[in-house]
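Visitor: I have a structure open and would like to learn to read it. Can you take me through some features?

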Amino acid sequence: MQRSLHIDPEKCTGCLQCEMACSLENEKVFNIAKSRIKVFTFHEEGRFVPYTCTQCDEAWCMHACPVEAIQLNKLTGAKVVNESVCVGCKVCTIACPFGTVNYNEDSGKVIKCDLCGGDPECAKACPTSAIAYIDANWTGLDRMRSWAARTDTSARA
Amino acid sequence: MQYAIIGAGPAGVIAAETLRKTDPQGSIVLIGGEPEPPYSRMAIPYLLIERIPETGTYLRHSPDHFQKQGIEIRQDRVTAMDTPNRRLTLSSGDGLQYDRLLIATGSRPIKLPVPGIDLPGVHNCWTLEDARHILRLAQPGAKVVLIGAGFIGCIILEALAERGVDLSVVEMGDRMVPRMMNQTAGNLIKRWCEAKGIQVHTATRVKGIESRSGPGFLKRVTGVLGLDAESGSANALGVELDNGHRLQADLVISATGVQPNSEFLKGSSVELEQGILVDNRLRTNIPEIFAAGDVAQGRDFSTGGHQVHAIQPTASDHGRVAALNMAGTDTLFQGSFNMNVLDTLGLISSSFGLWMGVEGGDSVEICSPEKYRYLNLEFQEDVMVGATSLGLTQHVGVLRGLIQGRVKLGQWKDRLKRDPSRLMEAYLAQNAVL
């Protein structure tokens with residue numbers, strides 16, 4: 001069964017352990033600037049919101065890539081950057097309307113969430129279960145996806 | 001059903017693959033004018049810095065990809081179209097019958113109308129063949145004059161600089177990338193380039209290019225020496241500018257914009273303006289003929305008018321939507337979205353939608369010229385309609401999301417006007433993720 005990241009902002013305390021875990025797993029450093037998941041702070045509302053790629057079906061990044069460097073992992077449903085193919089043109093970073101594909105100036109390539117191959121470190125590191133990796137049908141990602149559909153440049157007639 | 005696609009760039013290739021998925025039985029012929037397998041011009045700058053080999057520019061990496069999908073690729077060019085009989089004439093002399101035709105012939109560099117533009121040592125940077133010439137001539141220390149600091153000019157700047165050439169840039173606009181960047185951003189990019197040792201002449205035109213010794217003389221000398229004219233002589237070219245300067249060059253690269261490849265349609269009944277006019281299904285005025293990519297003038301998301309958007313994401317969207325309609329799956333195109341991202345010697349810039357702003361709209365900007373960071377947001381009422389950024393690499397795509405999603409900003413408009421960097425927060429809050 002395909003699973004996805006379920007994010008419950010109400011449970012997030014803003015501890016940033018998800019960012020640390022992501023950076024360590026993927027970049028081998030404790031550097032939250034290199035995390036693929038990001039916790040956004042809302043002072044006015046007193047709220048923290050962790051956010052990363054929803055692995056959306058539209059896969060704007062994948063379709064915009066001119067050299068086939070982003071591919072679907074059929075097991076996890078993740079859209080994964082193949083670093084050896086990526087030329088660093090950054091078209092995917094502007095194509096993704098969620099802002100979840102970022103350019104890494106150190107490597108000259110782009111980075112995005114790949115669900116850690118099916119065992120996401122951010123979810124494991126979260127002490128309050130604000131981030132959980134669960135059956136895709138249960139997640140609140142549907143509302144993000146329905147929004148994705150609204151911005152689709154080619155809505156079905 | 002017999003499908004013919006003219007043009008093997010991203011629009012043509014994505015259309016062919018979409019046709020195959022939608023109509024497993026149809027016959028699909030993809031006609032490309034260049035000898036290489038379908039490739040991406042977007043990847044050429046990375047070929048020039050030798051980060052990737054030529055094969056790294058290919059749109060599809062598996063050698064039997066097209067064969068496996070039952071897509072026939074032919075290297076040929078269309079010389080004539082007989083629309084009433086649905087038949088193409090190809091330069092090889094062959095004919096090709098079609099039921100549905102997609103014109104995805106892309107664009108080609110505009111040739112600057114100045115004397116000397118055809119001299120050896122003057123090249124475009126558009127095809128793999130052009131790239132091979134540049135790789136050969138742009139040797140360390142070579143003097144290179146780049147005409148045009150638009151998107152293509154700027155994207156190859158870095159490659160040229162990394163190759164260690166002595167580079168000068170000539171741009172007729174009053175700033176760099178004038179069709180993608182506003183005054184502030186375009187001038188910051190210019191300053192950045194100058195700080196990296198590149199001579200930038202803006203508001204300057206090239207009057208002509210001369211062979212220093214005269215073409216006849218040069219040919220004789222190089223002929224005697226057994227060299228080809230291009231590598232035969234140091235600084236063989238002189239580029240005359242309208243500001244009185246004269247630049248010496250071993251290589252001149254002309255990157256003065258592109259125009260749609262639609263000449264072969266002259267005399268046909270296919271309706272043309274700047275490009276081939278297409279409706280919201282990417283259909284031309286002839287029901288069985290569609291157009292996609294750089295050659296097509298389709299609906300613009302931001303203005304609702306018809307525009308040529310010669311960018312990769314539009315080519316890819318056009319190709320997919322056109323193919324769905326060709327195969328009978330009725331699909332509406334909501335309009336292409338103008339957006340660009342550019343890396344000029346490590347300075348990353350992007351612009352989106354109506355970055356130049358709209359009448360009656362308002363805007364906010366933050367600028368740190370010493371850090372080369374800049375962000376400009378353009379609004380119409382409480383919706384963002386355009387944006388420009390310099391030095392922004394994190395979450396930049398959300399600018400597209402906010403603009404193309406026509407996200408009502410509500411109280412977040414004021415918050416953004418106080419702190420434009422809170423883009424992601426605005427997007428998350430207004431999309432009920434908060």
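Guide: Start with the parts list. In this predicted model, chain A has 5 helices and 8 strands.

Visitor: In what order do the elements of chain A run from the N terminus on?

Guide: Read them off as β-α-β-β-α-β-β-α-β-β-α-β-α.

Visitor: How many of the residues of chain A count as buried?

Guide: Buried means under 20% relative accessible area. By that cut-off, 53% of the 157 residues of chain A are buried. The chain exposes about 6,800 Å². Carbon and sulfur atoms supply 50% of that area.

Visitor: And contacts along the sequence?

Guide: Take contacts in chain A between residues at least 6 apart in sequence. Of these, 57% join residues at least 24 apart.

Visitor: Which residues form a nonpolar patch on the surface?

Guide: Look at A:Met20, A:Leu24, A:Phe30 and A:Ile32. Together they have about 350 Å² of accessible area. A:Met20 sits in helix α1 of chain A, residues 17-27. Its relative accessible area is 34%, so A:Met20 is partly exposed.

Visitor: Now chain B. In what order do the strands of the open sheet come?

Guide: The order is β3-β2-β1-β7-β19, 5 strands in all, with parallel pairing. At the edges are β3 (71-75) and β19 (289-291) of chain B, each pairing on one side only. Neighbouring strands of the sheet are turned by 20 degrees against each other on average, direction ignored.

Visitor: How many bridges join β2 and β3 of chain B?

Guide: Strand β2(B), residues 27-32, pairs with β3(B) over 5 bridges, in the parallel sense.

Visitor: Which strands does helix α8 of chain B lie across?

Guide: Helix α8(B), residues 312-326, lies across β1 (2-6), β7 (100-103) and β19 of chain B. It runs at about 170 degrees to β7(B).

Definitions and conventions
Residues are numbered from 1 along each chain as its sequence is written. Chains are lettered from A and ligands numbered from 1 in the order in which they are written. This is a predicted model: local features need pLDDT of at least 70, side-chain atom pairs count only at pLDDT 80 or more; totals for chains, interfaces and linings use all residues. Side-chain values use heavy atoms; hydrogens and water are left out. Two strands pair if DSSP finds at least two bridges between them. Helices (H or I, at least four residues) and strands (E, at least two) are DSSP runs, numbered from the N terminus. Axes are lines fitted to C-alpha atoms, for helices over the stretch in contact, and angles run from 0 to 180 degrees between N-to-C directions. Contact means heavy atoms within 4.5 Å. Patches are made of residues with over 30% relative accessible area and no salt bridge: like charges are joined within 9 Å, nonpolar side chains (Val, Leu, Ile, Met, Phe, Trp, Tyr) within 5 Å. Accessible areas come from the Shrake-Rupley method with a 1.4 Å probe; for residues, only the protein chains shown count as cover. A salt bridge is a side-chain nitrogen of Lys or Arg within 4 Å of a carboxyl oxygen of Asp or Glu. Buried means under 20% relative accessible area, exposed over 50%, partly exposed in between (1.4 Å probe, protein chains only).
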